[in-house]
Amino acid sequence: MKIFKISFLACFFAASAFSASQVYYIEAHGDFGKELAEMATKQANERNEKIQVFIDEDPRRYKDNRILKFGVDRKGRYSVSLGKELYEKQCQSCHGENAEKRPYGSVALKDMNAKDIEDSIISYRSDTSFGGDGKLIMQNQAKITTNNDLGAILAYLKGKDALADQDDQANKPVSTEKKQGSYLR
């Protein structure tokens with residue numbers, strides 16, 4: 001077993017030397033995971049390399065440090081792979097593999113932009129009258145989906161910068177006139 005661990009670490013560090021831009025996540029449980037983390041940390045310290053060890057935490061989950069956490073953080077770096085995993089687990093059965101289905105006659109997610117999807121989830125959480133025939137299902141789904149999970153799902157469905165791009169467009173003035181009385185959006 002010890003030979004396996006040493007050869008595994010040797011392969012891991014050899015691979016990381018050739019491809020410094022790639023990040024590897026390894027899931028290991030129990031004492032083996034603890035030993036592996038200690039060995040990797042020791043090897044990294046000996047080589048003056050940077051390593052991060054995550055214990056009981058998915059490193060793909062974005063950490064939202066905002067004081068007021070309303071909606072999805074527009075500047076958040078959400079994981080597309082986590083979004084895919086969450087979508088497949090929580091959404092795909094009703095909304096389809098490519099977000100093309102229209103459950104209970106609703107608009108298909110592929111035809112909505114990221115802001116509309118976020119607004120809908122927030123409305124399902126806060127307004128019991130919002131939604132059509134499937135509102136009871138969506139209200140429950142919206143309540144168990146955190147803003148961080150929603151950000152990851154949106155990154156998967158619409159691209160990593162979908163919300164940031166929409167904010168840039170929303171903050172552009174409607175009028176370019178510079179006289180008194182012109183209105184901005």
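One cavity of 30 Å³ or more is found in the structure, which is a predicted model. The space in the largest cavity amounts to about 80 Å³. Its lining is made up of 14 residues, and those nearest the centre are Tyr-78, Gly-151, Lys-160, Ala-162 and Leu-163. Two or more residues of this lining come from each of the elements α7 and α8 (162-170). By class, the lining of the largest cavity consists of seven nonpolar, three polar and four charged residues.

For the second largest pocket, a volume of about 590 Å³ was computed. This pocket is lined by 30 residues, with His-95, Leu-109, Ile-121, Tyr-124 and Met-138 closest to its centre. At least two lining residues are supplied by each of the helices α3 (80-90), α4 (92-95), α5, α6 (135-144) and α7. The largest share comes from α6, which gives five residues to the lining of the second largest pocket. Of the residues in this lining, 18 are nonpolar, ten are polar and two are charged.

Helix α7 (residues 147-158) also packs against other helices, one of them being α5 (residues 114-126). The axes of α5 and α7 come within 10 Å and cross at roughly 150°. Angles over 145 degrees count as roughly antiparallel, and α5 and α7 are therefore roughly antiparallel to each other. Their crossing is right-handed. On the α5 side, the contact is formed by Ala-114, Ile-117, Glu-118, Ile-121 and Arg-125, and on the α7 side by Asn-147, Leu-150, Leu-154, Leu-157 and Lys-158. Six of the residues in the contact of α5 with α7 are nonpolar, one is polar and three are charged. Ile-121 of α5 takes part in this contact and is also among the residues closest to the centre of the second largest pocket.

A further contact joins α7 to α3, with the two axes 7 Å apart and at an angle of about 100°. Since angles of 65 to 115 degrees count as roughly perpendicular, α3 and α7 are roughly perpendicular to each other. Helix α3 contributes Val-80, Leu-82, Gly-83, Lys-84, Leu-86 and Tyr-87 to the contact, while α7 contributes Asp-149, Ala-152, Ile-153, Ala-155, Tyr-156 and Leu-157. The contact of α3 with α7 contains nine nonpolar residues, one polar residue and two charged residues.

Note on methods
Residues are numbered from 1 along each chain as its sequence is written. This is a predicted model: local features need pLDDT of at least 70, side-chain atom pairs count only at pLDDT 80 or more; totals for chains, interfaces and linings use all residues. Side-chain values use heavy atoms; hydrogens and water are left out. Axes are lines fitted to C-alpha atoms, for helices over the stretch in contact, and angles run from 0 to 180 degrees between N-to-C directions. Helices (H or I, at least four residues) and strands (E, at least two) are DSSP runs, numbered from the N terminus. Angles under 35 degrees count as roughly parallel, over 145 as roughly antiparallel, 65 to 115 as roughly perpendicular and the rest as oblique. A crossing is left-handed if the near helix is turned anticlockwise from the far one by less than a right angle, and right-handed if clockwise. Contact means heavy atoms within 4.5 Å. Ala, Val, Leu, Ile, Met, Phe, Trp, Tyr, Cys and Pro count as nonpolar, Asp, Glu, Lys and Arg as charged, and the others, Gly among them, as polar. On a 1 Å grid over the protein atoms alone, a cavity is a set of points where a 1.4 Å probe fits but cannot get out, and a pocket is an open set with protein on both sides within 12 Å along at least five of seven lines; lining residues have an atom within 4 Å of a point. Grid points are joined across faces, edges and corners, and a volume is the space filled by probe spheres set on the points.
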